[in-house]
Each structure stands twice: as structure tokens, then as C-alpha cells.
Amino acid sequence: GGANTTVTFADVDTGALGPGTYTHEIASANDSASGTLTVQQPPTFAVSNLQPASATVTNGTSVDISATVANTGDQQGTQTVTLSVGSVRQTESLTLAAGANTTAAFSLATGALGPGSYTHEIGTANDSASGTLTVDPEPTAATFLVTNIQPADAAVVNGTELDISADVRNVGDLQGTQTLTLSAGALARTQNVTLAGGANTTVTFADVDTGAL
């Protein structure tokens, strides 16, 4: 009777409460004492607004990838923000006050990836946002193939004029212009031909004078 002591509840886990304001109380069978306990959210970096969410680019080019990073916690914090694309990693350290946000921006050189389809992701210790990045092969230069010469085999009287033609296809991806040459003995005639990638045409050298041969 008449004695006193201090009663301590050690290591109370506030994680079981979650952020908020609480009344904390210690009570006996006869009395109680209470106070106010505010549990703050630690720095929490949320990721949103990934740009581009989906994109197709040419291998060897660079693409800018960004996202909004917001500290939704109640305290200032610093975290590493990471861009992940295939085996490529880029990082940036961000410090944000409680409630603040910023844009995390990266420039990705696609040559380090090679052609293919990839998931690109910007992430923090707490959150991430991802999208799809397609890397197309680099376009090939214009390449003109010549086939189906007509006539392929002919016998004509000297001095006869005839038309000689062939099919020309650009098997490259890029448009190009080339000079096509008809040659027979001392005879040489040329035409300039422009073809888009994958296009084809028939080139005709009209009224070829065999008397020049």
C-alpha cells in the first residue's frame, strides 16, 4: 500500500495501427491515464504517369522515358528511382519533401537492347509503373534487284528496233534512286529509277536500234 512504480509497454509496433491519430491509454482496475499518439506515414514514393506507356522506336535511336514520382508519406525522404528495360538499368537519386512530387526522366539508347519487344519500368522502393517498348530493326538501304529481262533470248534482223525491259524491285526499306543501264556491245542506254522500300516496277528501254550493234 502506498507504493508506486513505472509500468512500461516496450516496443509497441505502430505498424499494427497504420498512419493516423490515436488515443493511447494505460488503465488499472481503478484509474487510467491517456494521451494522443500520431502515427506518421514514412517517406513513400509512388510512381504514376509513365510516358510513353507504349512506343515503337527504331533500333539505334534514343527514346525519352519519364514518370511522375510523388512522396505520399508524412516525412521527407530520399530514394533511388530505377529505369529497367531488358538488361539495361539506369538510376537517379531523388529527395522529396512530404507531399512533393517531381518528374523522373531518363534517355534510353536502344542500341544497347537490339530489336524486340520489352517491358520498360520506372520503380522506387515502394511502387512502379511499366509499359511496352518495341524496338524495330534499323531500316536497310535501297537495294535494286533486276529480274525477268525481256526478251530473254531473241534473234532479230540487223537494224530492227525492239523494246527491252526488266523487272526492278527495291528490296531495301528506304527509298532510293539508281541508274539502270542497258548495255549490248557498244550500245549503252540509261534510265534513272526511284523506288520506295519494297516497291517494284518494270523498266523498258524502247526502240533499241540493233543497227548500232
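User: On what basis are residues numbered and values computed here?

Analyst: Residues are numbered from 1 along each chain as its sequence is written, and side-chain values use heavy atoms, with hydrogens and water left out. Since the model is predicted, local features need pLDDT of at least 70 and side-chain atom pairs count only at pLDDT 80 or more, whereas totals for chains, interfaces and linings use all residues.

User: How many bridges join strand 6 to strand 7?

Analyst: Strands of a sheet pair through backbone hydrogen bonds, either parallel or antiparallel. Strands are DSSP runs (E, at least two residues), numbered from the N terminus, and two strands pair if DSSP finds at least two bridges between them. Strand 6 and strand 7 run antiparallel and are joined by nine bridges. In strand 7, E92 is the bridge partner of V81. The two strands form a hairpin with two residues between them, and G86 in the turn has a positive phi of about 60 degrees.

User: Which residue is the bridge partner of L180 in strand 14?

Analyst: The partner of L180 is Q191. Strand 13 (residues 176–184) and strand 14 (residues 187–195) run antiparallel with nine bridges. They form a hairpin with two residues between them, where G185 in the turn has a positive phi of about 60 degrees.

User: What is the order of the strands in the open sheet of five strands?

Analyst: The order is 4-10-9-6-7, with mixed pairing. Strand 4 and strand 7 stand at the edges with a single partner strand each, so one side of each has no neighbour in the sheet. Strand 4 pairs with strand 10 in the parallel sense over five bridges, and T56 stands opposite T134 in strand 10.

User: How many residues does the largest nonpolar core have?

Analyst: A nonpolar core is a set of buried Ala, Val, Leu, Ile, Met, Phe, Trp, Tyr and Cys residues joined through side-chain atoms within 4.5 Å. Buried means under 20% relative accessible area, exposed over 50%, and partly exposed in between (1.4 Å probe, protein chains only). The largest core has 24 residues, and I65, V85, L108, L113, I122 and L133 have the most contacts inside it. Strand 5 gives the most to this core, with four residues. A second, separate core of 12 residues includes L162, V168, L187 and V208.

User: Is V7 buried or exposed?

Analyst: V7 is exposed, with a relative accessible area of 52%. This residue lies in the segment before strand 1 (20–27).
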